[in-house]
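Here is a walk through a protein model, moving from its surface to the spaces inside it. Keep the structure in view while reading.

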Amino acid sequence: MMIREKETRPIFSILFAVSMVHLLNDLIQAVIPATYPLLKEEHHLSFSQVGMITLVYQIAASIFQPVVGSFTDKRPVPYSQIIGMSFSLVGMLLFSQAHTYAWILFSVFLVGIGSSIFHPESSRVAYMASGGRRSMAQSIFQIGGNAGTALAPIIVAFLVLPRGQQAIAWMCLFTIVGQFISYYIGTWYKRRLANVSRTTKRVIRVPDLPNSRIVTTVVILLLLIVSKYFYIASITNYFQFYTMKKFGINEVEAQVYLFYFLIAVAVGTLLGGAFGDRFGRKYVIWFSVLGVAPFALALPYVGLTMTGILIVIIGLILSSAFPAIIVYAQELLPKKLGMVSGLFYGFAFGMGGIGSAVLGWQADHTSIEFIYHLCSYLPLIGIVAYFLPDLQKTPYKEI
């Protein structure tokens with residue numbers, strides 16, 4: 001007998017818990033680029049070397065995510081978040097004490113491994129606790145990560161910069177808190193798996209699309225991620241240097257302008273989830289990537305005040321796409337939730353890392369201002385979202 005899993009109310013206690021752990025996980029990650037001005041000065045690094053730090057971290061965070069996701073599709077690991085946080089804890093301790101460039105790279109590699117373990121199962125938990133409101137659930141999960149990313153430059157500005165690199169060790173407290181919350185999530189997840197195993201077989205609804213159309217759709221989604229995360233890499237890794245160079249502000253003031261962007265990303269993520277459930281994920285994806293183009297094109301030509309305004313608008317619009325992209329991909333391939341989540345999170349991280357390295361090399365050979373002229377054209381790639389099928393109007397079949 002086949003039993004269809006009923007959609008219930010969202011389990012907000014789990015959604016908020018997994019969002020909180022995501023906040024702590026991504027706060028730890030975002031400490032790395034937030035300390036770049038400090039590292040560049042203390043270790044006499046070039047922009048290319050700064051970009052390589054991000055590349056090593058992001059590659060570690062990206063390559064293993066689809067592998068972890070594929071493994072947990074077959075053998076779920078309820079307490080995997082604790083394992084991921086342990087890698088991040090060791091990585092941050094080493095990062096705070098790293099006195100050579102090689103040790104910096106090794107320490108951020110460990111943080112990347114922790115992130116690669118954390119995301120696939122956490123995204124699955126958000127999906128399972130959604131009660132059918134998947135964009136909303138994914139946006140709650142994602143806003144935690146974005147809020148953590150937004151808090152990092154402020155914490156670094158007031159805690160780390162005045163005290164130096166060793167103060168990064170205080171970030172390990174966040175990983176310990178995250179492990180306690182992860183235990184609560186893992187206990188719920190373990191009970192949920194036990195309940196599901198009592199049913200003989202679940203009916204899964206999949207879009208009735210040919211395999212060639214599914215492959216083409218996945219390629220389009222990945223292309224949109226390239227556009228989005230190359231542009232985000234230009235902001236998260238080099239915006240401090242850009243504002244300091246162009247407008248003559250100091251490091252702390254530059255971190256505040258980066259905070260404007262990151263907090264706008266957090267708000268935009270929440271709005272994107274709500275709009276995705278209401279208006280359809282295809283249209284949110286299309287608007288988010290392409291709609292940011294006029295503001296990105298204007299950014300290199302405006303003064304400091306207008307830069308702050310535009311960077312908030314860009315963050316709001318650009319960030320609304322990712323929850324919609326993740327849920328869209330999960331609904332496209334519902335039998336492979338872990339693999340899909342790992343693939344898209346991993347690809348996003350990988351593109352962010354490659355983008356950082358490429359843009360760092362470009363900044364060394366041209367100027368920091370030039371990369372913002374170059375990246376301003378990336379959102380135009382969003383036009384390809386027109387070719388995505390509207391899954392809300394697509395017939396489904398049961399398997």
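Ile63, Phe64, Trp103, Phe106 and Phe109 make up a nonpolar patch on the surface, and together they have about 480 Å² of accessible area. A patch is built from residues with over 30% relative accessible area and no salt bridge, where nonpolar side chains (Val, Leu, Ile, Met, Phe, Trp, Tyr) are joined within 5 Å and like charges within 9 Å. A salt bridge is a side-chain nitrogen of Lys or Arg within 4 Å of a carboxyl oxygen of Asp or Glu. Accessible areas come from the Shrake-Rupley method with a 1.4 Å probe, and for residues only the protein chains shown count as cover. Helix 3 (47-74) and helix 5 (101-128) are the elements that give two or more residues to this patch. The largest share, 3 residues, comes from helix 5, while Ile63 lies in helix 3. Helices (H or I, at least four residues) and strands (E, at least two) are DSSP runs, numbered from the N terminus.

The model is predicted: local features need pLDDT of at least 70, side-chain atom pairs count only at pLDDT 80 or more, and totals for chains, interfaces and linings use all residues. Residues are numbered from 1 along each chain as its sequence is written, and side-chain values use heavy atoms, with hydrogens and water left out.

Helix 5 also holds Ser107. Ser107 counts as buried because its relative accessibility is 0%, and buried means under 20% (exposed is over 50%, partly exposed in between; 1.4 Å probe, protein chains only). Leaving aside residues up to four places away in sequence, Ser107 touches Gly91, Leu94 and Phe95, contact being heavy atoms within 4.5 Å.

His44 sits in the loop between helix 2 (36-43) and helix 3. With 69% relative accessibility, His44 counts as exposed. Its phi is near 55°, a positive value in a residue other than glycine. Most residues other than glycine have a negative phi.

The structure holds 2 cavities of 30 Å³ or more. On a 1 Å grid over the protein atoms alone, a cavity is a set of points where a 1.4 Å probe fits but cannot get out, and lining residues have an atom within 4 Å of a point. Grid points are joined across faces, edges and corners, and a volume is the space filled by probe spheres set on the points. The largest cavity contains about 580 Å³ of space. Its lining has 33 residues, with Gln58, Thr149, Tyr229, Ile232 and Thr236 nearest the centre.

Methods
On a 1 Å grid over the protein atoms alone, a cavity is a set of points where a 1.4 Å probe fits but cannot get out, and a pocket is an open set with protein on both sides within 12 Å along at least five of seven lines; lining residues have an atom within 4 Å of a point.
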